[in-house]
Amino acid sequence: MSHLIIVGGGISGLSAAYYARQAAPDLKITLLEGDSRLGGKITTVAEDGFLLEGGPDATVRYKPWAVALMKELGLEGHMVGTIPARPSALIHDGNAAQPIPPGLQTVVPGDLRAMALSPLLSPFGKARAALDLVLPKGSEGDEPFGAFIVRRLGKQVWERLVAPLSGGIYGGDPYELSTLAAFPQLKALEQTHGSLIKGAIQQRKERGSREAGQLFASLSRGLGSWVNALETQLSGVEVGLNTPVERLERVKDGWRVYTPEGSLDSDAILITTPGPVTARLLEALHPEAAQALKNIPYGISATVSFAFPKDTLPMRVGHGMLMAASAGFSVRGFTWTDQKWAGRAPEGYGLVRGYFSGVEGDENALAGLAKADLARLWGHVPEPEHTWIFCWQQGLPQYTVGHLERVQKALEAETLPGLFLAGAAYHGVGLPEAVRMGQEKALKAVGFLRGEVPVASSY
């Protein structure tokens with residue numbers, strides 16, 4: 001019987017195990033995870049009537065892979081959208097909070113009237129953004145995302161709108177993101193329509209409105225219930241928790257995987273761990289691929305959630321607030337969790353979550369920074385009755401310029417027979433991309449074990 005070992009029990013690894021099992025019911029599959037639990041950054045806490053997420057709190061509907069997997073697992077009846085709110089969120093420009101203009105496509109204005117009426121931009125900022133309609137298109141080559149947006153829409157649109165929106169998706173400095181790696185669809189809009197705004201308007205017409213809570217999807221019992229559902233479907237999969245992989249070795253008939261518990265032999269191996277971990281495992285096997293992975297920067301990410309008696313809080317608008325670039329806040333943004341999702345806090349309580357990226361500090365320091373930012377927004381901050389803090393040292397890969405070349409070099413490791421790579425380091429940091437990569441590489445591994453001709457990647 002052929003044996004597939006999957007290294008890493010985050011959503012990529014879990015998806016890979018699920019789809020490999022569906023495709024090959026008789027295949028021996030082992031899933032190894034260094035932590036004491038599965039799910040990676042998906043961390044749902046149910047405590048004292050509160051339901052909160054330590055990591056991601058939702059997936060987007062317009063990228064279908066995560067939602068499709070939820071439905072396949074029988075979770076469709078538990079899927080929920082956000083509580084309707086207008087505006088859905090605000091952006092603080094350093095002086096005041098202004099509503100995010102409706103009609104955005106990804107992070108680009110797709111409604112000229114909404115942009116013209118938005119108090120987020122000054123008359124000059126709006127006029128500069130409108131030049132996008134007549135400016136010549138740039139080259140097809142890569143460039144920093146901030147430079148791309150400033151070139152098309154101006155500095156004010158970047159600082160007050162696009163930077164806070166994109167900074168909540170990727171780690172690190174959003175200005176330094178690779179446009180082709182992080183937002184290839186926007187580069188395509190420029191090349192196809194000659195204008196981001198024209199392209200966004202057309203895209204909005206084709207997609208229809210995504211307002212009224214239909215952009216995001218979560219589960220009524222939290223995303224942790226998705227992890228639980230996946231676990232129950234891993235029939236016959238051997239799961240090793242607290243089992244980090246220390247070393248890999250090529251042997252005559254496949255692979256040998258070394259763990260603190262001993263070694264395991266397999267015919268194929270699928271690695272879904274963060275880039276630095278994967279680099280360490282590949283160093284002796286494919287030094288060039290390992291170096292490429294080392295060259296993908298990672299940043300710390302963290303969330304801090306506070307529970308307050310609702311009568312101690314000021315009025316909160318919408319689902320939360322993002323912070324403009326250079327506005328002087330430590331957090332990237334706050335989510336008013338009890339106003340975004342139904343059933344997340346007991347009656348009479350508010351639940352507030354702050355998100356950090358690239359900020360150093362222990363748990364007490366992060367909680368202090370979040371409180372200081374709330375005090376700046378509200379004038380004062382009451383003492384929370386509960387505090388939950390989650391921090392990941394290797395939180396998110398940063399897709400800086402040159403990322404696609406680094407990924408291409410890293411994936412050359414897959415020329416080693418029976419080795420496959422997936423995860424956030426490569427082609428997308430969101431839950432849908434994680435599921436997609438896990439599924440694709442699992443099916444390729446199964447095909448390899450069956451002796452089938454490899455299929456080219458869809459990326």
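**A buried glycine, a parallel sheet and a salt-bridge network**

G171 is found in the loop between α6 (155–167) and α7. Helices (H or I, at least four residues) and strands (E, at least two) are DSSP runs, numbered from the N terminus. The model is predicted: local features need pLDDT of at least 70, side-chain atom pairs count only at pLDDT 80 or more, and totals for chains, interfaces and linings use all residues. Residues are numbered from 1 along each chain as its sequence is written, and side-chain values use heavy atoms, with hydrogens and water left out.

G171 has a relative accessible area of 4% and is therefore buried. Buried means under 20% relative accessible area, exposed over 50%, and partly exposed in between (1.4 Å probe, protein chains only). Residues up to four places away in sequence aside, G171 touches S357, L396, P397 and Q398. Contact here means heavy atoms within 4.5 Å.

An open sheet is formed by five strands, in the order β12-β2-β1-β16-β22. The pairing is parallel. Two strands pair if DSSP finds at least two bridges between them. β12 (238–240) and β22 (419–421) are the edge strands, each pairing on one side only. On average, neighbouring strands of this sheet are turned by 15° against each other, direction ignored. Axes are lines fitted to C-alpha atoms, for helices over the stretch in contact, and angles run from 0 to 180 degrees between N-to-C directions.

Strand β2 (residues 28–32) pairs with β12 in the parallel sense over three bridges. Here L31 has V239 in β12 as its bridge partner. Helix α1 (residues 11–23) packs on the sheet and touches β1 (3–7), β2 and β16 (268–271). The direction of α1 makes about 170° with that of β2.

β1 and β16 run parallel, joined by four bridges. I6 stands opposite L270 in β16. On the other pairing, three bridges join β16 to β22, also parallel. There, L270 stands opposite F420 in β22. In a regular strand the side chains alternate between the two faces of the sheet. From β16, A268 and L270 point one way, I269 and I271 the other way, and all are buried.

Helix α8 (residues 184–193) has L186, K187, L189, E190 and Q191 as its buried residues. Their cover includes β10 (108–109), α5 (145–153), α7 (179–182) and α9 (196–207). Just after α8, G194 takes a positive phi of about 75°.

The salt bridge count comes to 18. A salt bridge is a side-chain nitrogen of Lys or Arg within 4 Å of a carboxyl oxygen of Asp or Glu. K187 forms one with E143, the closest N and O atoms being 2.6 Å apart. K187 lies in helix α8 and E143 in the loop between α4 (123–130) and α5, so the pair ties together parts that are 44 residues apart in sequence. Both residues, K187 and E143, are buried.

E190 forms a salt bridge with R152, with 3.1 Å between the closest N and O atoms. This pair links helix α8 to helix α5 across 38 residues. E190 is buried at 0% relative accessible area, and R152 counts as buried at 1%. D132, E143, R151, R152, K187 and E190 are linked in a network of salt bridges.
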